[in-house]
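Here is a short walk through one protein model. Keep the sequence and the 3D view side by side.

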Amino acid sequence: MTRQCLKPGDIEPTGISNWSEDGSASILAAMMDRSDHLHPAAARSVGGRLSAAGARACAAALDILFPPACVGCRRTVDGQSGLCGSCWRGMRFIERPFCERLGTPFAQDLGAGLQSPEALARPPVYGRARAVVRFEDGPARKLMHGLKYGDRLDLARPLGAWMARAGLELLADADLIVPVPLHRARLWKRQFNQAAALAREVSRASGIAWDPMPLLRVKATASQVGMSRAQRIENVQGAFTVDPALKGSVAARRIVLVDDVLTTGSTLNAASRALLRAGAANVDVLVFARVVTES
Ligand SMILES: [Zn+2]
């Protein structure tokens, strides 16, 4: 299929690993940029470089072969939109007014810079948290489940781009993005870390460097589903540390810590504490979805 797009002289043999090194347009890049609606098999089938015009022609041809699909429900959508109208309406995006510290929405706008009673009563270890959407209902839970368990790695790019927008203020003050790591045993079982996939895309969208190496999960924590706040805090106690050999990469850095979902914040607090102990200048938190407890 993709071979039809290639002309002699358009392409030179190259491995996928170095496809973007010289900055030339790449059919793979064109496809990856459109990974919100591309059949994954198509993206895997090519690794050659093309002229920019060739890449555009291929992208147009791919639209016909693989029409853009909603990232939520896979229904065909028009144009570049990531979500169909129905999924879009179902997303409960978090917008101002919200608590400056926790990023939780306020029912009324009481003025800029306010913190919620929750933030004042239980200040988090991290500085500020921002999320794209509420987790409780709508397509957000389905999207997260698809990324985490459903082999929907294609979701990482559009979700990461949304996160970069929601975290604009945090990223403006940051010089490093760090994903919340999985324990080695879980990574082995699941094969990839959804937080790292999102962190890479937030980095791509924002231009801020990311580094999955320094922060380690040294304790294989139990699943936190159904645990109380106190149980969660206990569960993640001492779960994270910074690799002593890599302390230099977080020391004095302003870090945005990335995860998929924020529930009570106990995991993100524990990970933030490890980064701050290793000398990070400050830690903010950026997630795709968060649970919002109505008070
Ligand atoms: Zn949809």
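Start with the inventory: twelve helices and six strands make up the secondary structure of this protein. The model is predicted. The chain holds 295 residues, and 38% of them count as buried. Now look at contacts between residues at least 6 apart in sequence. Of these, 71% join residues at least 24 apart.

Turn to the strands. Strand 1 covers residues 129-134. Is it mostly covered or mostly open? Mostly covered: five of its six residues are buried. Its partner to inspect is strand 6, residues 282-290. The two strands run parallel, and five bridges join them. To find the pairing on screen, pick Ala129. Its bridge partner in strand 6 is Val285. Keep one rule in mind while viewing. In a regular strand, side chains alternate between the two faces of the sheet.

Next come two helices. Helix 11 spans residues 229-236, and helix 12 spans residues 266-277. How do their axes meet? They come within 9 Å and cross at roughly 35°. The crossing is right-handed.

Which residues make this contact? Helix 11 supplies Arg229, Arg232, Ile233 and Val236. Helix 12 answers with Ser266, Thr267 and Ala270.

Notes:
Residues are numbered from 1 along each chain as its sequence is written. This is a predicted model: local features need pLDDT of at least 70, side-chain atom pairs count only at pLDDT 80 or more; totals for chains, interfaces and linings use all residues. Axes are lines fitted to C-alpha atoms, for helices over the stretch in contact, and angles run from 0 to 180 degrees between N-to-C directions. Helices (H or I, at least four residues) and strands (E, at least two) are DSSP runs, numbered from the N terminus. A crossing is left-handed if the near helix is turned anticlockwise from the far one by less than a right angle, and right-handed if clockwise. Two residues are in contact if their C-beta atoms, placed from the backbone, lie within 7 Å. A residue is buried if 20 or more other C-beta atoms lie within 10 Å of its own, exposed if 12 or fewer, and partly exposed in between; C-beta atoms are placed from the backbone. Two strands pair if DSSP finds at least two bridges between them.
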